[in-house]
Amino acid sequence: MIKINSKNVDVFYGKKQALFNINLDIEENQVTALIGPSGCGKSTFLRCLNRMNDVIDICRVKGQIIINDFDINDKSCDVVRLREKIGMVFQKPNPFPKTIYENISYGPTIHGMAQSKNEMDEIVENSLKKAALWEEVKDRLHEPGTGLSGGQQQRLCIARAISVKPEVILMDEPCSALDPIATAQIEELIDELKKDHTIIIVTHSMAQAARVSQNTGFFHLGELIEHGSTDKIFKNPENKRTQDYITGRFG
Amino acid sequence: MNKNKEKLLNSRYRAEKRFQFYGKSAIFLALLFLTIFIFKIFSTGYTAFQKTWLIVPVTFDAETMYLDENPSKEDLEDADYFDLALQTMFNLDKSASEKQQNDLKRMVSYFFEREIKRELLNDPSLIGKTKDVYLTASDDLDQVFKGNYPRDLPEDQRRVTDYQLKIFDQLVEQGRVESKFNLSFFTYPDSREAELAGIASSFMGSIFSILVCLVIAFPVAVLAAIYLEEFAPKNRFTDFIEVNINNLAAVPSIVFGLLGLGILLAVFQLPRSTPLVGGITLSLMTLPTIIIACRASLKAVPPSIREAALAMGASKMQTTMHHTVPLSMPGTLSGTIIGLAQALGETAPLILIGMVAFVNTIPGSPLDPAASLPVQIYIWAESAERGFVEKVSACIMVLLGFLIIMNLFAQIIRHKFEKKWS
Amino acid sequence: MNLVIFIFIVLLGFTSYYFGRKKAYSIQATNTRLTALPQFYGYYLAIWCAIPAFIIYSLWAIFEPSIVKLIILSDYSNQGYLDDELNLIYEKTKSLSRGQFSGEITTYLETSAEKYLNLRSIAQNSKVVLILAIIIASIVYGYKRISSNNRTREPVEKFLNAVLFTASLAAILTTIGIVFSLIFQTIDFFKVIPLFDFIFGTHWYPAKAFVRDASEPLDPSMYSDTFGAVPIFAGTFFIALIAMCVAIPIGLMSGIYLAEYASTKVRQYAKPLIEILAGIPTVVYGFFAALTVGPFLKDIGTAMGLEVSAESALAAGGVMGIMIIPFISSLSDDVITSVPQSLRDGSYAMGATKSETIKKVIFPAALPGIVGSILLGVSRAVGETMIVVMASGLAANLTFNPLESTSTITAQIVVILIGDQAFGDPKTQAAFALGMTLFLVTLSLNIFALRVVKKYREKYE
């Protein structure tokens, strides 16, 4: 089933066009990987999906991105509600300078998801468990989140993202700042999370895309060159440029 | 559930709006204060640039001046004009009683006989003739003419008597009252009489103080900044100097006044009330500002420049003096000007070293007693006479004008000459 | 005369620069390789010429007056005069020798004045001779060093380095100067007034301590209940509090708005406009407070049936608050802008609104920096003088009613020291004791605040 449907998406930074006519469908409860050399626009596309590009003054987005039959670029769309439904994990772990507990409870608090302290405790515990962090931090929930190791911090950010039960989770190179062990843990986690969430992951590493994703889209110079099932893209690409990239001729 | 959610979302958006509103109002309030402030100063001050004159017919009667038939230049110089001047005023109303005569005399400035004397010295042939002479109106009548004086107050609560107002109104009707540009505001020294008070003495005092301040603070600060930024080893002692500089920048100015009083006046026995002492005190205050600015612009010179010069075999001193320091000059200069602008507006330390004394001569050197523009503002603001209120505002306008020019100048230097490193 | 000597030394310095360089060229002409550029030979000689002379010159200038004084007063030493009287005699002698003395001229004074003139001319002549000798000696020495083609760049650069280092001591010297100017008077003050009475006394009435006749002995009981600083400490604190009540909300909110909401255009204009408020001299604020705000508050108060003093703490504090707005706004603007963007992104991605992000993520993250900037603002408020002097009365009332007038440490220093001061009088010393208190309070506030801000900066850099 199609979860996100993007039609003719163009993105401009000031006068410079960063994305050209992107048409990409995202399957529900699967992992979609976006790959391509740096500066190809894959992160820009990802940030379109929860309108994080609004934060950048000079950025303009054209075209339609339809989620649940609703165009998120429409004026009537409410970004706050949109971002509640579509969570995001960033390249560098960015826990708030607060306690672990407060980091997780932040989203549910602002969205009014818990009526009592018990309910909140439950949400925090569940989120941390889902992010496979609970065992490591359950005794120090009230210590600052910035005191954790890099991998733990990133899992904390994932826990924070899933605390509001989003339908989609966007991951912008979530492992690029992590060591191999932490990366393996996060990849395992992604596999687990796709049961409940649709996941879109931007990654630099083709190996990672091959390991975690079911579908892959290849971006180059602001264009979506090719997309389809991961198997097909990696084993049997249609486009010459995709093949060159996969085989390491450039990038 | 969904309805609750809707409600929560709405209230969150209202909170967002409220917060933005607070932010906007804060900016608005700050700008409002600024506007009120500037408006108030200008609206009370602009009238001070005009001065009211009474045009009175003076009969230069040789007898009243106790002069002989053919007086020499010296005779005219030494003659007694007071009785003539008095007679001139009494002639405005020949039927005036003694008390009313006194009122008449007070309608013009305190030294009005000098204005009559000047007229005659310019043209000695006036003896025996009658001429309309411009006499400076008293400060109260000046205010009446400018419409700043509450005429409807009961007579015993104002300094202008009903009689004076009557005569004044007659003069106005006859076109014998005129308002002209107040040149004396810029050329006269301070005076106890508002209509004669000018800013020349305090202006020169400010100029001398700032010059002394510049001559001392600029070289010392630049040398210190060069040392700290380029040569100083990183150790406890230089850290200590650094902490010292940062703290000095935040020490209240009045403490520097105490320093000036306790050391410069009491120990070194420098002359009180002089721009020399004022300038030294201000220079100590400005020192940290310039050091910090100079260090920042030295820091902004990229290391590659230094490395290039060193690689050519220049010594460290040559590298610094030939390359780094010249490149940092625009930033240093604009920092210096801003520091001097601060010093120019400073009042409290100058009061403590006695620059608040009444000075009715224009100082000719930094060793003559003087006031400064801000101190002049303080002195006049403390005076009771209504005539000083507009003078204060006008003096503030002059001071602000200078500050604006200095700051603009600093901006221009920074933008025009500062090299942008990419 | 002094100026002539000064100019003479400077001129000689320039000449010797020229000769030094010439010497270098002549060495070069003999096909000897120089060890440094010819200019350095010039600098070398100029330094040798001018510096020893200047050192002697300034030492002389420092010690001459006191030595002359000693010699003059030695004539009076065994006649049982007090120190103050001896000083007076010396002053009289000096003014008599200048012919400016208007008073009873005794024979004693006349001989002293003559002796004084004599001594001064001897001193003057020997100074000139000595300086000339020094200059000649050092030039000869320097010239010899150059002739042997010695190293000249290193010593010149070492000298410059020493000059730079000396200049950098200026900041420390200023601090030492401040401490010295305050501490002796303060100690003398506490010899008369017990520290306890100063800190805990509730009556501040320095006008009572009339300037004492120098010949009368000092009677501490005269000053009991005169120098109790509680009312002015309270007043200082209270006015600063009022100022911060105005400055913190407005400054902080405008800082936040400028950093987070304002478009580039608004920021470009609003920020410098607000900063104008910081550039206006305080005496101008004082005039504004006294002329406009004070009467305005009084009118409002009267309309509401309240008793408002024309010189109220509220007027002074309020206007002071306006003055402090830009400090808080631009400092907190800086602090907020330096919070990393990733934290904002994290919060927005959770579906937080802008204000939620600011209140719950950015503000807590920036808190140490903001606290630092507020403390710097408080230190400004405590040290501000002119606004209080002009707008809030000079009588030290112990009150916490913002509509009454009260006084501050700084205002009292001005009140006491405006006009003539007599050093050695407890009233004057009281001003220095207050200055010491002010210095210590603001110093600790500054050190603490700067440290907090610095720590915060390091965290995000």
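How much area do chain B and chain A bury between them, and what percentage of it is on carbon and sulfur atoms? In this predicted model, chain B and chain A bury about 640 Å² between them, with 42% of that area on carbon and sulfur atoms. The contact involves 6 residues of chain B and 8 residues of chain A. On the side of chain B that touches chain A, 3 residues are nonpolar and 3 are charged, and no polar residues are present. The interface of chain B and chain A contains 1 salt bridge. This salt bridge pairs Glu6(B) with Arg81(A), with 3.4 Å between the closest N and O atoms.

The interface of chain C and chain B was examined in the same terms. About 6,400 Å² is buried between chain C and chain B, and carbon and sulfur atoms give 80% of this area. Leu164(C), Tyr257(C) and Phe287(C) together supply 10% of the area that chain C buries against chain B, more than any other three residues. Chain C brings 78 residues to the contact and chain B brings 72 residues. Polar contact is found for 9 residue pairs across the interface of chain C and chain B. On the side of chain C that touches chain B, the residues comprise 52 nonpolar, 21 polar and 5 charged. The interface of chain C and chain B has 1 salt bridge. Glu356(C) and Arg12(B) form a salt bridge, in which the closest N and O atoms are 2.7 Å apart.

Strand pairing was examined within chain A. Strand S1 of chain A, residues 2-13, runs antiparallel to strand S4 of chain A, residues 59-67, and the two are joined by 8 bridges. Within this pairing, Ser6(A) lies opposite Ile65(A) of S4(A). In a regular strand the side chains alternate between the two faces of the sheet. S4(A) is also joined by 2 bridges to strand S5 of chain A, residues 70-71, again in antiparallel orientation. Ile67(A) has Phe70(A) in S5(A) as its bridge partner. S4(A) and S5(A) make up a hairpin in which 2 residues lie between the strands. Asn68(A), located in the turn of this hairpin, has a positive phi of about 50 degrees.

Definitions and conventions
Residues numbered from 1 in each chain as written. Chains lettered and ligands numbered in written order. Predicted model: local features only at pLDDT ≥ 70, side-chain atom pairs only at ≥ 80, totals over all residues. Heavy atoms only, no water. Pairing = 2+ DSSP bridges. Helix = DSSP H or I, 4+ residues; strand = E, 2+ residues; numbered from the N terminus. Contact = heavy atoms within 4.5 Å. Buried area = accessible area lost by both parts, 1.4 Å probe. Salt bridge = Lys/Arg side-chain N within 4 Å of Asp/Glu carboxyl O. Polar contact = N/O pair within 3.5 Å; in protein donor to acceptor, adjacent residues only side chain to side chain. Nonpolar A, V, L, I, M, F, W, Y, C, P; charged D, E, K, R; others polar.
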